Amino acid sequence: MKPLRTISSFSAALAVVFGAAYGIGAAVGPGSPPAGPSGHGQAHSEAAESVDLTPAGLQVSQGGYTLGLETRSLAAGRPGILRLTVRDAHGQPVTAYATEHTKKLHLIVASRELTAYRHLHPTRAADGTWSTPVDLPAAGSYRVFADFRPAGAEEGLTLGADLTVTGRYTATAPPAPSATTTVDGYTVTLDGGLRAGAESDLTFTVTRGGRPVTALEPYLGAHGHLVALRAGDLAYLHVHPRDEATAGRTSGPDVSFAATTPSAGTYRLFLDFKAAGTVHTAAFTVRTAH
C-alpha cells in the first residue's frame with residue numbers, strides 16, 4: 001500500500017479507488033497482461049492520474065496468477081472448510097508469499113447482497129493449498145477475494161471467485177444509509193461521505209456506553225482496517241492505515257481515512273477494529289453524492 005497522509009497521531013489515510021466500468025468479465029487467461037495494480041497497490045494519491053482504475057477482485061486471473069477455489073459450495077448455517085489454491089502462469093501452486101500486514105494472505109468472503117461479510121486468515125499447507133473454517137449465515141451467491149503478494153512481486157493482487165451457499169434462499173437488501181451503527185455493544189459513527197470523482201474524508205468514531213473508546217488495539221499491524229465493496233459487481237479494495245501500530249500501543253476513538261471514489265454508486269464499508277482483545281466489524285451503506 002502506498003500511504004497518503006497522516007490525518008492525526010492515530011489517523012491514517014487510504015485511497016479507495018474503483019473503476020467506472022461495471023460488468024468486467026470474471027476470468028481472463030493466466031497468460032493475459034496484468035490489468036494494473038490492485039488491492040493495496042491502488043492507494044496512491046500523489047499521482048492519482050496515473051493509477052489504473054481497473055477494479056480489484058473482479059478477475060479470477062491477473063498478472064499470471066489464478067485463484068483456484070476448490071470449495072465451490074457450502075451449506076448455510078453449518079461449519080465448513082473453505083479451500084483454495086493460487087497458481088502461477090505455469091499452473092504450479094504458489095508456495096512463497098510476502099507478508100502483508102502481518103499475514104501471507106487475507107481472505108474476504110461477502111454475500112452478493114453485502115449483508116454477510118467475513119475477513120479470514122487461512123492456513124497454507126506444504127502443497128500450496130489454503131484452508132480455513134467458515135460458517136456463512138444465509139443461502140445465496142457469495143464472492144471470495146484472495147488478497148496477497150507473491151514473494152518477489154512489487155505489487156499485491158486481489159483475485160475473486162464465486163461461491164454458492166446452499167439452503168433456503170431469501171432475498172435481502174443492504175441496510176439503508178446511516179451515519180451510526182452498533183456492533184457487539186460498540187457504537188460507531190461515520191462522519192463524512194463519498195463523492196464520485198473527488199477525494200472525501202471519512203472518520204469513524206468508536207464509543208461504548210456513550211464514552212469514547214481510547215484503547216483500540218493494534219490489529220494486523222494497524223489500528224484500523226477498511227474494506228469497501230461496490231454494490232452490483234462487488235468491486236473491491238482492501239487497504240490499511242498509513243501509520244503502523246506499535247505492539248502494545250492503543251489509540252482511539254477516531255479512525256480517519258481519505259476516500260477517492262471515481263464511480264457513482266452504492267458502497268458497503270466494513271471497518272475492522274480491535275477492542276478488549278476481540279476484533280469487531282462495523283458495516284455502513286454509503287451512496288456517493290452527485
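**Rings, strands and a pocket**

Guide: Ring pairs link Tyr65, Tyr97, Trp130 and Phe148 into a cluster. This is a predicted model, where local features need pLDDT of at least 70, side-chain atom pairs count only at pLDDT 80 or more, and totals for chains, interfaces and linings use all residues. Residues are numbered from 1 along each chain as its sequence is written, and side-chain values use heavy atoms, without hydrogens and water.

Visitor: How many aromatic pairs does a search of the whole structure find?

Guide: The search finds 7. Rings of Phe, Tyr and Trp (its six-membered ring) pair if their centres lie within 6.5 Å; planes under 30 degrees apart are stacked, over 60 edge-to-face, and the rest tilted.

Visitor: What makes tyrosine 97 and tryptophan 130 an aromatic pair, and of which kind?

Guide: Their centres are 5.2 Å apart and their planes at 80 degrees. The distance passes the test and the angle does too, so the pair is edge-to-face.

Visitor: What does this pair tie together?

Guide: Tyrosine 97 lies in the loop between β4 (80-87) and β5 (105-111), and tryptophan 130 in strand β8 (residues 129-134), so the pair joins parts 33 residues apart in sequence. Strands are DSSP runs (E, at least two residues), numbered from the N terminus.

Visitor: Why does tyrosine 97 count as buried?

Guide: Buried means under 20% relative accessible area (exposed is over 50%, partly exposed in between; 1.4 Å probe, protein chains only). Tyrosine 97 has 6%, so it counts as buried. Tryptophan 130, at 3%, is buried as well.

Visitor: Why is the pair of tyrosine 117 and phenylalanine 270 called stacked?

Guide: Their planes are at 5 degrees, with the centres 4.1 Å apart, so the pair is stacked. Tyrosine 117 lies in strand β6 (residues 117-120) and phenylalanine 270 in strand β18 (residues 266-275), so this pair ties together parts 153 residues apart in sequence. Tyrosine 117 is buried at 10%, and phenylalanine 270 at 3%.

Visitor: How do you know that arginine 124 lies over the face of tryptophan 130?

Guide: A charge sits over a ring if NZ of Lys or CZ of Arg is within 6 Å of the ring centre and within 35 degrees of the ring normal. Arginine 124 is at 5.9 Å from the ring centre of tryptophan 130 and lies over its face. Arginine 208 lies over the face of tyrosine 186, at 4.5 Å.

Visitor: What makes β18 mostly covered?

Guide: In β18, 8 of its 10 residues are buried.

Visitor: How do you know that β18 pairs with β15?

Guide: Two strands pair if DSSP finds at least two bridges between them. β15 and β18 have 6 bridges and run antiparallel, so they pair. Histidine 225 stands opposite aspartate 272 in β18. By the same test β18 pairs with strand β19 (residues 278-287), joined by 10 bridges and also antiparallel. Leucine 269 stands opposite phenylalanine 284 in β19.

Visitor: Where does arginine 230 lie, and is it buried or exposed?

Guide: Arginine 230 lies in strand β15 (residues 225-230). Its relative accessible area is 0%, so it is buried.

Visitor: Which strand supplies the largest share of the lining of the largest pocket?

Guide: That strand is β19, with 5 residues. β6, β11 (180-183), β18 and β19 each supply at least two residues of this lining.

Key
Helix = DSSP H or I, 4+ residues; strand = E, 2+ residues; numbered from the N terminus.
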